[in-house]
Amino acid sequence: MLSDIFVAFANTRPLRSRMLSARATPIRAALSIVLAAIAYAPHACADAIVNDVTQLNPIHVRELVAPTRIEAIIEAVKNHPGPISIGGGRYSMGGQTATDGALQIDMRRFAQIVSFSKENKVITVQAGITWRKIQEYIDPYNLSVEIMQSYDNFTVGGSLSVNAHGRYTGLGPIVLSVKSIRLVLADGSVVMASPTENSDLFNGAIGGYGALGVIAEATLQLTDNVRVEEHSQLMPLSAYRAFFDKNVRDNRNVIFHNADIFPTAFDVVRVTSYTKTEKPVTISDRLTPADRDYSSNRRVVEVVSEWPGGKWMRQHVLDPWLYRKSAVEWRNYEASYDVRELEPVSRKLSTFVLQEYFVPASRIDEFVPRMAEVLRRHHVNVINISIRHSRQDPGTYLAWARSDVFCFVIYYKQGTAESARQEVQGWTRELIDRAISEGGTYYLPYQILATKEQFHAAYPRAWDFFKLKKRVDPSNKFRNRLLDAYYETGDAPRMSGSGYPSPRQDSVSTSGFTGSSGAPSPPFHRLPVGSPFR
Ligand SMILES: Cc1cc2nc3c(=O)[nH]c(=O)nc-3n(C[C@H](O)[C@H](O)[C@H](O)COP(=O)(O)OP(=O)(O)OC[C@H]3O[C@@H](n4cnc5c(N)ncnc54)[C@H](O)[C@@H]3O)c2cc1C
């Protein structure tokens with residue numbers, strides 16, 4: 001995504017030594033014991049404001065705990081009388097980690113490696129751990145996380161709970177790389193879940209936004225940390241699908257692949273693949289340096305988003321310069337971007353936000369012009385649209401890949417004023433309509449703007465998911481803004497004929513799914529812009 005553009009601008013300062021003098025003194029020893037005790041004690045505080053990376057969603061929680069042991073998680077879940085929400089890295093963008101007056105369990109200090117097998121290429125971790133910490137641990141064994149996002153700042157629990165994906169070819173939703181999870185349910189019981197054991201809980205918790213319980217541990221598939229060579233070329237969007245089918249889809253040598261659509265014409269793509277190679281690396285860092293300076297990236301984003309002709313400059317000047325040479329690098333390097341590279345100086349008046357739409361692979365040529373028309377008509381300040389491909393989801397309840405899909409990740413800038421937010425709601429609902437009418441979906445970790453009707457059309461198994469939640473969390477303990485917007489304890493409506501376009505049945509495969517997929521859309525009425533259902 002954007003990192004593809006900006007990475008070459010980054011300053012490759014050597015890692016600063018953080019080593020303290022090795023000379024130990026009794027005072028230092030005592031100090032380390034006190035610091036360790038502070039670091040590992042469960043933290044708690046009352047009345048906190050929880051927000052996310054966009055700074056658009058401040059939520060007042062009643063209490064916040066940051067457990068370091070599973071017993072503390074169980075105790076909090078069992079004994080807290082009111083609503084509970086779960087926070088990971090807080091990079092979701094619509095209040096998915098909190099709800100007003102809840103207890104937030106901040107998982108970020110529950111972050112140890114539990115076990116690791118180099119031979120079997122599997123690792124078990126506590127769910128508050130970040131991908132970065134895992135990468136630092138496994139890189140010396142020349143292993144790599146099989147599926148994750150492009151950035152490594154996210155927690156494992158937060159990534160599993162949205163069923164994240166990356167740019168890996170031949171793969172797709174992260175559920176494909178999860179061997180099992182350990183889940184703390186609303187009554188405090190702890191269960192193992194996997195594709196074969198408690199599979200309903202497994203398929204509900206992955207992509208379940210913390211609705212069923214706390215994912216405490218996860219066992220994940222690893223893979224080899226191979227060297228990859230970058231290849232990049234420009235082509236008309238109309239040629240992309242044939243190119244992808246011929247060169248990428250079944251090519252096991254292509255490790256990462258994506259295509260960036262240039263705004264504002266949205267008809268040319270830069271197609272970039274990273275293929276397995278035995279060539280020596282041209283970037284010697286094995287992981288993206290943690291202390292890299294990203295100030296030049298900020299200037300580039302400023303130019304692209306604000307300058308007259310900034311988007312033209314990106315396409316015709318910056319990009320050709322950045323892609324003039326092919327890098328050879330480690331898989332782990334390419335999988336360890338840092339979200340700091342995207343962070344603007346301020347998010348007070350405007351902020352950078354993501355959205356994502358998924359359409360069956362066969363519908364790309366129909367969807368893109370319709371998406372582009374909405375973006376242009378509403379003058380959306382699009383910085384980049386990254387296309388990725390994903391295999392079909394094996395059966396999670398809130399699957400976003402009900403067939404093989406192309407994913408469209410839109411990175412754009414918006415104002416923070418209420419009027420700007422209303423505008424975003426309007427065009428977002430139009431884009432959701434367009435994705436649904438192609439048999440597609442939209443992604444749930446971002447701003448909660450879809451109507452209930454759109455949510456159910458995009459996630460046809462939501463009623464089955466709600467039924468499962470009602471069974472394992474009868475008092476609706478686990479809550480957050482996303483669940484507050486859509487969760488209902490009643491039965492699925494039987495009527496059809498809402499007037500809402502049904503997903504295209506010809507292009508949506510339901511194999512691997514059970515339950516009510518393919519059921520008619522529930523009879524919700526379309527809500528006017530400005531409704532509280534976001
Ligand atoms: C710059 C940027 C780039 C991104 N790129 C991608 C991408 O390439 N692909 C992609 O798929 N997504 C991408 N995302 C979205 C990202 O994957 C999600 O926002 C993800 O949830 C972030 O993880 P987190 O640890 O911050 O989760 P949080 O935002 O903290 O939590 C997300 C959800 O998970 C729940 N949760 C967290 N931990 C647990 C747990 N232990 N048990 C149960 N529930 C839990 C929370 O309650 C919440 O509902 C991107 C986001 C940003 C900001």
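This is a predicted model: local features need pLDDT of at least 70, side-chain atom pairs count only at pLDDT 80 or more; totals for chains, interfaces and linings use all residues.
A polar contact here is a pair of N or O atoms within 3.5 Å.

**View 1**
Start with Q149: an N or O atom in its side chain sits 2.8 Å from an oxygen atom of the ligand. Y443 also reaches the ligand through its side chain, with a polar atom 2.7 Å from a ligand oxygen. G158 uses its backbone instead, where a polar atom is 3.1 Å from an oxygen atom of the ligand. On its own the ligand would expose 960 Å², and the protein buries 99% of that. There are 36 residues around the ligand, and those that come nearest are I86, S92, T155, H165 and Y443.

**View 1. The whole chain, for orientation.**
Step back for a moment to take in the protein that holds these details. It has 534 residues, and 59% of them count as buried. If you take the contacts with a separation of 6 or more, 74% of them join residues 24 or more positions apart. The accessible surface is about 21,800 Å², and carbon and sulfur atoms own 55% of it.

**View 2. The largest nonpolar core, around F408.**
In soluble globular proteins, nonpolar side chains tend to be buried together. Here the largest nonpolar core has 143 residues, and Y240 and F408 have the most contacts inside it. Strand β17 (residues 405-415) supplies the largest share of this core, with eight residues. Apart from that core lies another one of six residues, including V50, I59, V61 and L64. Back at F408, the residues it touches beyond four places in sequence include I261, Y357, V359, I364, F367, V368 and M371. Q355, E356 and S386 are also among the residues that F408 touches.

How many disulfides does the structure hold? The count is zero. C407 is buried, because its relative accessible area of 0% is under 20%. C45, at 37% relative accessibility, counts as partly exposed.

**View 3. Helix α14 under cover.**
Helix α14 runs over residues 462-472 and is mostly covered, with eight of its eleven residues buried. The buried ones are A462, W463, D464, F465, F466, L468, K469 and V472. What provides the cover? Among the elements over these buried residues are α6 (199-205), α13 (452-458) and α15 (481-486).

N476 isn't a glycine, yet its phi is positive, at about 55°. Is N476 buried or partly exposed? Its relative accessible area is 25%, so N476 is partly exposed.

**View 4. Q55, another residue with a positive phi.**
Q55 sits in the loop between β1 (43-50) and β2 (59-66). Q55 has a positive phi of about 65°, although it is not a glycine. With a relative accessible area of 48%, Q55 is partly exposed.

**View 5. A cis peptide bond at P263 and T264.**
Look at the link from P263 to T264: this peptide bond is cis, with omega near 5°. T264 has its place in the loop between β12 (254-261) and β13 (268-276).

**View 6. H80 and its surroundings.**
H80 belongs to the loop between α3 (70-79) and β3 (84-87). H80 is buried, with a relative accessible area of 9%. A polar atom of the H80 side chain lies 3.5 Å from the backbone oxygen of P83. Leaving out neighbours within four places in sequence, H80 is in contact with E63, E75, L103 and K477.

**View 7. S115 on strand β5.**
S115 is part of strand β5 (residues 113-117). At 37% relative accessibility, S115 counts as partly exposed. Which residues does S115 touch, not counting those up to four places away in sequence? They are V122, I123 and T124. Along the chain S115 and V125 are ten residues apart, and their C-alpha atoms are separated by 7.0 Å.

How values were computed: Residues are numbered from 1 along each chain as its sequence is written. Side-chain values use heavy atoms; hydrogens and water are left out. A disulfide is a pair of cysteine sulfur atoms within 2.5 Å. Buried means under 20% relative accessible area, exposed over 50%, partly exposed in between (1.4 Å probe, protein chains only). A nonpolar core is a set of buried Ala, Val, Leu, Ile, Met, Phe, Trp, Tyr and Cys residues joined through side-chain atoms within 4.5 Å. Helices (H or I, at least four residues) and strands (E, at least two) are DSSP runs, numbered from the N terminus. Contact means heavy atoms within 4.5 Å. A residue is near a molecule or strand if one of its heavy atoms lies within 4 Å of it. A polar contact is a pair of N or O atoms within 3.5 Å; within protein, one must be able to donate a hydrogen and the other to accept it, and residues adjacent in sequence count only if both atoms are side-chain atoms. Accessible areas come from the Shrake-Rupley method with a 1.4 Å probe; for residues, only the protein chains shown count as cover.
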